[in-house]
Amino acid sequence: MNSGETDILLVEDSPDDAELALHALRRDHVANNIFVVGDGEEALDFLFCRGRFAERSFEQPPKLILLDLKLPKVDGIEVLNQLKGDPRTKAIPVVVLTSSKEERDLVRSYDLGANSYIQKPVDFEKFRETVKTLGLYWMVINQRPVIHEAAKSAAQGSK
């Protein structure tokens, strides 16, 4: 897949959860191009076009990020912090999709700019339906702004 054409970036370290999410999104034709990364460091490299993703362009950000919080290398809270703290990536919608039941994770996620926080259902069918519903909302119903002028300037300045 060409990582420049990403509809959804799925940041998930559990292969089973990633597979369930992919199945739900593809089965119901919610998104064509879904890119999966397994840790926070890889997510940041993808989003900020560095490392093995250096050829990616800020001009084609993902339309949605599904972000787990409990990740190896760099946790989801830090990914969210860096993502929402940079004008080039700030407007990308982020849905935290996590098994965490911690109130502090919920509060911190919203404080950092998460657009939604969903606790993963443990039941397969409920998980599939949740992913399908959130995918439909964010990819079809939700209105997204065209890339902000500040983000364009910041992206051009980093070249």
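A word on the source. This is a predicted model, in which local features need pLDDT of at least 70 and side-chain atom pairs count only at pLDDT 80 or more, while totals for chains, interfaces and linings use all residues. Residues are numbered from 1 along each chain as its sequence is written, and side-chain values use heavy atoms, with hydrogens and water left out.

Now strand β1, residues 8–11. Which residues cover its two faces? Ile 8 and Leu 10 lie on one side, Leu 9 and Val 11 on the other, and all are buried. Buried means under 20% relative accessible area, exposed over 50%, partly exposed in between, with a 1.4 Å probe and protein chains only.

β1 pairs with β2, residues 34–37, in the parallel sense over four bridges; pairing requires that DSSP finds at least two bridges between the strands. Phe 35 is the bridge partner of Leu 9 in β2. Between these strands the chain passes through helix α1, residues 15–27, and this β-α-β crossover is right-handed: with the strands pointing away from the viewer, the path from the first strand over the helix to the second runs clockwise.

β1 also runs parallel to β3, residues 64–67, joined by four bridges. There, the bridge partner of Leu 9 is Ile 65.

Finally, for the chain as a whole, buried residues make up 48% of the 159 residues.

Terms used:
Helices (H or I, at least four residues) and strands (E, at least two) are DSSP runs, numbered from the N terminus.
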